[in-house]
Amino acid sequence: MKARSLLFNLWGDYIQHVGGEVWASTLTAWVRPFGVSEAALRQALSRMARQGWLEVRKVGNRTCYALSAAGRRRIAEASRRVYDGRDADWDGRWRVLVYSVPESLRNRRNDLRRELIWTGFAHLSPGTWISPNPLEESVRALIRRYGLEPYATLFVARDVEPWSAPELVRRCWDLDAIQESYDRFLARWEPRLAAASGLQTDEEQFVEQIRLVHDYRKFLFVDPGLPRQLLPERWRGHDARRLFQAYYARLRPGALRFLERYFEPTQTHDGGGEERGVREHPGLP
């Protein structure tokens, strides 16, 4: 696991629930079991700050890191999709984004495409993206972030002719391939859940939990999170979700003890400064 991915996992799973800010020394202790060196950690933190995901604060000779506004939005959305554990109901409407971005802005256009895929949009035709989920605010924020307001139009439609809803889903998303990805996840993690009693130490349970979250989080780039009315009757994503939640709950107590061993509160950006340990993840049952 790369240091940057590990940091995103830690912020989504723990740090956002303890004020959102963390000392560099705490991060050093948390990433050490994964073989991440201090130099690799500094490099990853610096890259995330340059990309606009983190803010850096100096306190004397110490450094702490917090999510930026863009980082908080990204982590909140990722956490909802990873931990919420519920299928949304469909309101019967499609969100359609159409853009025509000049070639001189192709880097921004490419960045927007990557963000749309992560958000769950599908490519319908050149310059046209579609989703059945209520993502209007997220898309507007993306368009503003990349300064593409003059080139993009977002609208909502009940019908996208000439396709029916099932036909549109089949056209835009390869559900068979997504099912196969879930099958591979289940094949990897069912034996590990069965053998969980072999994880004796808090550190072992912490490492296993982070690896579990990391593997499950990959579905953010694969599964668009379709509403239940648009899913196949037998959806392997439900089996994967149940396994994830069961194993996560089993590993959580030991992982929390390890995290709290090294956690040191900071004066958070919102002025809270509340001294509290890492709490249970609110998104899980």
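**Domain interface, local packing and salt bridges**

Domain 2 and domain 3 bury about 540 Å² between them, 63% of it on carbon and sulfur atoms; buried area is the accessible area (1.4 Å probe) that two parts lose on being put together, summed over both. Of the area that domain 2 buries against domain 3, 71% is supplied by Trp118, Pro132 and Asn133, more than any other three residues. The model is predicted: local features need pLDDT of at least 70 and side-chain atom pairs count only at pLDDT 80 or more, whereas totals for chains, interfaces and linings use all residues. Residues are numbered from 1 along each chain as its sequence is written, and side-chain values use heavy atoms, with hydrogens and water left out.

The chain is divided into domain 1 (3-73), domain 2 (94-157) and domain 3 (174-262), with bounds that come from an automatic or database domain assignment. The centres of domain 2 and domain 3, taken over C-alpha atoms, are separated by 30 Å. In the interface, 6 residues of domain 2 are in contact with 7 residues of domain 3, contact meaning heavy atoms within 4.5 Å. There are 0 salt bridges between domain 2 and domain 3, a salt bridge being a side-chain nitrogen of Lys or Arg within 4 Å of a carboxyl oxygen of Asp or Glu. Across the interface of domain 2 and domain 3, 2 residue pairs are in polar contact, both at pLDDT 80 or more. A polar contact is a pair of N or O atoms within 3.5 Å; within protein, one must be able to donate a hydrogen and the other to accept it, and residues adjacent in sequence count only if both atoms are side-chain atoms. On the side of domain 2 that touches domain 3, the residues comprise 4 nonpolar, 2 polar and no charged. In this division Ala, Val, Leu, Ile, Met, Phe, Trp, Tyr, Cys and Pro count as nonpolar, Asp, Glu, Lys and Arg as charged, and the others, Gly among them, as polar.

Helices (H or I, at least four residues) and strands (E, at least two) are DSSP runs, numbered from the N terminus. In helix H6 (residues 136-145), the buried residues are Glu136, Val139, Ala141, Leu142 and Ile143, where buried means under 20% relative accessible area, exposed over 50% and partly exposed in between (1.4 Å probe, protein chains only). These buried residues of H6 pack against strand E4 (94-99), helix H5 (106-119) and strand E7 (152-157). Gly147, which follows H6, has a positive phi, near 60°. Thr128 is placed in strand E6 (residues 128-131) and is buried at 12% relative accessibility. Apart from neighbours within four places in sequence, Thr128 is in contact with Val96, Leu97, Val98, Ala122 and His123.

The loop between E7 and helix H7 (165-172) contains Asp159, which is exposed, with a relative accessible area of 59%. Asp159 and Gly92 are 67 residues apart along the chain, and their C-alpha atoms are separated by 8.6 Å. Pro162 also lies in the loop between E7 and H7. The peptide bond joining Glu161 and Pro162 is cis, with omega about 10°.

In the whole structure, 25 salt bridges are found. Arg42 forms one with Glu38, the closest N and O atoms being 4.0 Å apart. Both residues of this pair, Arg42 and Glu38, lie in helix H3 (residues 38-50), 4 residues apart, about one turn of the helix; Glu38 is partly exposed at 47% relative accessibility. In a further salt bridge, the closest N and O atoms of Glu77 and Arg80 are 2.6 Å apart. Glu77 and Arg80 are separated by about one helical turn because they are 3 residues apart in helix H4 (residues 69-83). An α-helix has 3.6 residues a turn, so residues three or four places apart point the same way. Glu77 is buried at 16% relative accessibility, whereas Arg80 is partly exposed at 42%.

Glu208 and Arg192 also meet through their side chains in a salt bridge (2.9 Å, N to O). This pair links distant parts of the chain, with Glu208 in helix H9 (residues 202-217) and Arg192 in helix H8 (residues 175-194), 16 residues apart. Glu208 is buried, with a relative accessible area of 8%, and Arg192 is partly exposed at 32% relative accessibility.
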